[in-house]
Amino acid sequence: MTHTNNQLAKEKWALGSLILNTSLTILKFIFAIFTGSLALMAEAIHSFSDLIASVISLISVKIAAKKSSEFPYGLYKIENIASVAISFFLFFAAYEIIKEAFFSHEERTLQHTEWAIFVMVIAMIATLIYSRLEMKAAKELNSPVLKADAEHIWADFLSSVIVVVGLIGTYFGYNLDKYAAAIVALFIFHSGWDIFKSGLKVLLDVSLDKEELEKIKKIIYENPAVVDIKHIRGRVAGSFKFLDIELLLHNYSLRETHRIVDEIEKRIKAEVPNVDSVFIHYEPVRQKGLRVAFLTDDNKQITDFKKANQIIIADISEDGKVQINSSLKVEPDEKEIGEILSKINIDIVVASYHPEEFSVRWNLTKAGVMVWETEKKDFDEALTEIINSYMEFNRKKEKEND
């Protein structure tokens, strides 16, 4: 499904939710007044809260692209400001319902209870069917907004069940209406608290949740050009996310580095929903010196990608000083060794032969790793060969600069 079709599908489901909640709210308010049921009135307010949430979601989709020089990051937080204001209305409504149910001295007489039951059964069926269908669509479209809306409608279904039970009890002579109303009031308070909490967090620039940040890190580290993530910060505005990332990359040309960063950005936007912008700052991992990996066997004899069972890493400074790091034990497997070498921040890998697999050669090239094929068998001799070549290169470079 294309991005445009995906967006149209999301808008269609959001509009369907708006129509459903509008219809149920009006229906419940009318019959709450007609029957005098406090539980039905509470349920009408509960549906109204879902209606408001649907309106906010739909408006946020419509204003998402509206940016200006005065508001370069968009007007996304209007949604969160409105949601915080609405949450106070829901708190007040829940308080009024409970006060009316248990502290009012005025007797409430229910009339036409069978009509109230009929209306609530219709509401139950409608919310059950729509919530399940919308949840299925949310998974297919990878939409957290639709998922949240489906969960709201499912909560509406559960509260409808409670109201129906209370109305049936009232029909048979048990005064359960006020208790059903109180339970629904708790649903309303819970909805209000969730709306208030999420809205306030966004207004205070809360970070993305841990799972989402881990998913983004995984996407970044899958690119072999990335050595490390120095920091990653994310914030939410309305339904949209903004990312600020600082990376350490292998040394490349400026054009290639831009291509790598663009590739990472595109993957994040494709796999993480509702990302508005990704700002990536990058810097090369090392400016001076040389880091060399030697493929050897257990006897420190130079071998190839298929036979090596250890990798010895040496850092060579510009004046020829050498630091031998601890060796890495590996399985003698060309692809696995190539995968490791592309991610351990080296400049050269020394082996008796180049890797045969094209994918291995390609990943090493992308990671900026040069394969140095040597006829030397002993590790110390191969190291000396590299040092001499590196020092000769540095001397030529100095002459050119003079």
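The questions and answers below take up the terms in turn.

Q: What kind of model is this, and how are its residues numbered?
A: The model is predicted, so local features need pLDDT of at least 70 and side-chain atom pairs count only at pLDDT 80 or more, while totals for chains, interfaces and linings use all residues. Residues are numbered from 1 along each chain as its sequence is written, and side-chain values use heavy atoms, with hydrogens and water left out.

Q: Why is Lys 300 called partly exposed?
A: Buried means under 20% relative accessible area, exposed means over 50%, and partly exposed lies in between (1.4 Å probe, protein chains only). Lys 300 has 36% relative accessibility and therefore counts as partly exposed. Lys 300 is placed in the loop between S4 and S5, and its phi is near 60 degrees, a positive value in a residue other than glycine.

Q: What makes S4 and S5 a strand pair, and in which sense do they run?
A: Strands (E, at least two residues) and helices (H or I, at least four) are DSSP runs, numbered from the N terminus. Two strands pair if DSSP finds at least two bridges between them. S4 and S5 (residues 310-316) have seven bridges, in the antiparallel sense. Within this pair, Val 292 stands opposite Ala 314.

Q: How do you know that S4 also pairs with S8?
A: Three bridges join S4 to S8 (residues 348-351), in the parallel sense. Here Val 292 stands opposite Ile 348. Of the seven residues of S4 (290-296), six are buried.

Q: Why is H9 called roughly parallel to H10?
A: Angles under 35 degrees count as roughly parallel, over 145 as roughly antiparallel, 65 to 115 as roughly perpendicular and the rest as oblique. Axes are lines fitted to C-alpha atoms, for helices over the stretch in contact, and angles run from 0 to 180 degrees between N-to-C directions. H9 (residues 334-341) and H10 (residues 358-366) pack at an angle of about 5 degrees, with axes 9 Å apart. That angle makes H9 roughly parallel to H10.

Q: What makes a set of residues a nonpolar core, and which members touch the most others in the largest one?
A: A nonpolar core is a set of buried Ala, Val, Leu, Ile, Met, Phe, Trp, Tyr and Cys residues joined through side-chain atoms within 4.5 Å. The largest has 37 residues, of which Ile 97, Met 120 and Ile 188 touch the most other members. H4 (113-141) supplies the largest share, 10 residues.
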